[in-house]
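Good morning. Please look at the sequence and the structure on the screen, and I will go through the fold.

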Amino acid sequence: MKISALRTTAAVRTTVIALAATLSVSLLGAAAASAEPSKPSAVTSIDKAGRTWHLKVYSAAMNSEIQVDVQRPADESKPAPNLYMLNGLDGGIGTASWQAQTNALEWLSDKSVNVIQPIGGRGSYYTDWLKPDPTLGTNKWRTFFTEELPPLLDQTLQSTGLNALTGLSTSGTSVLQLAEAKPGLFKTVAAYSGCAQIADPAGKQFVKLATETWAGGDTKNMYGPDNSPLWAENDPVINAEKLRGTLLYVSSGSGIPVLDDVNYYLGSSPGPSGAVNLGLGVIIEAAVNGCTNNLKNRLDSLNIPATYQFNPVGTHYWPYWEQALHDSWPLLAQGMNLPH
């Protein structure tokens, strides 16, 4: 080969290498720019109203501020554990909440505990969704409850770092999922009238009824289509081994109504809607009872202990959950290292 040709080849090679290096630097620079950390999660404001603190907590995962209400213990000078109380389908946004429907906060007022009441997450099952939903927005509640919120509360409330978790109805499923997502974070988990299984056809239908029919969301944005492996990955029964070491309290009714149930449903909604709601309360609790028995069978097969309360009567509404809170308190207190 002629010297001039060699020089030309060398020049071309040098130019290509230089261009490649420039392109690499540019791409790395762009990647670095895109990887710039977002605003960190933080407690952005505290509004104190007596023993109730209304916190605004910025979630980096959801890029939004979440309201978290905290009932502080009577003696705020001593560190106290945190008792998370998750609401049901509407996430405490409306009147279907522990605060509006029960005397739970008053009953807990003499306990040395921070009562944590998150507001939001309607229809979300408090899980991490695959993608934003046109109706229900961005939901990364698992990340919020297991990664973002606990250290912020420990710092803001000067808590002991011990946590317990309760949930009812749809959040009765969620509390088991959260316990499995980060074993050890919640020392005691109490699930009241929650359907633990979600990956089988009946369980999926239960989730869809809540999230799609009642809340207006789309479960494809949550876990994907019916054949997506995410349904099984988030099923508390399938993943029950991850509950080992957690103190567990699980309760449900049979679905058989008593007179108080009938009076409640017929009195709370006028006309035929009261009877419809009564029928739904019966059907839902009976289905939940089946789910709860399946969870027990699974835990028993794994030799994982739990405390169960299978009520011979009872439909799907608040007085039963309030009583379940009272009944589960000794186990909740044990996990939080409180007298019980």
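**Helices on a sheet**

Helix H4, residues 141-157, lies across E1, strand E2 (52-59), strand E3 (64-71), strand E4 (82-85) and strand E5 (114-119), and runs at about 130° to E2. Keep in mind that this is a predicted model.

Helix H10, residues 318-335, lies across E4, strand E6 (163-168), E7, E8 and E9. The angle of H10 to E7 is about 165°.

Now the sheet. In what order do the nine strands come? The order is E1-E2-E3-E5-E4-E6-E7-E8-E9, in an open sheet with mixed pairing. Strand E1 (42-49) and strand E9 (307-310) each have a single partner strand and stand at the edges, so one side of each has no neighbour in the sheet. On average, neighbouring strands here are turned by 20° against each other, direction ignored.

As a reminder, strands of a sheet pair through backbone hydrogen bonds, and the pairing is either parallel or antiparallel.

The axes of H4 and helix H5 (residues 170-181) come within 10 Å and cross at roughly 55°. That angle makes H4 oblique to H5. The crossing of the two helices is right-handed. Which residues make the contact? From H4 they are Arg 142, Phe 145 and Thr 146, and from H5 they are Gln 177, Leu 178 and Ala 181. Sorted by class, this contact of H4 with H5 has three nonpolar, two polar and one charged residues.

Note on methods: Residues numbered from 1 in each chain as written. Predicted model: local features only at pLDDT ≥ 70, side-chain atom pairs only at ≥ 80, totals over all residues. Heavy atoms only, no water. Pairing = 2+ DSSP bridges. Helix = DSSP H or I, 4+ residues; strand = E, 2+ residues; numbered from the N terminus. Axes fitted to C-alpha atoms, helices over the stretch in contact; angles between N-to-C directions. Contact = heavy atoms within 4.5 Å. Parallel < 35°, antiparallel > 145°, perpendicular 65-115°, else oblique. Left-handed = near helix turned anticlockwise from the far one by under 90°. Nonpolar A, V, L, I, M, F, W, Y, C, P; charged D, E, K, R; others polar.
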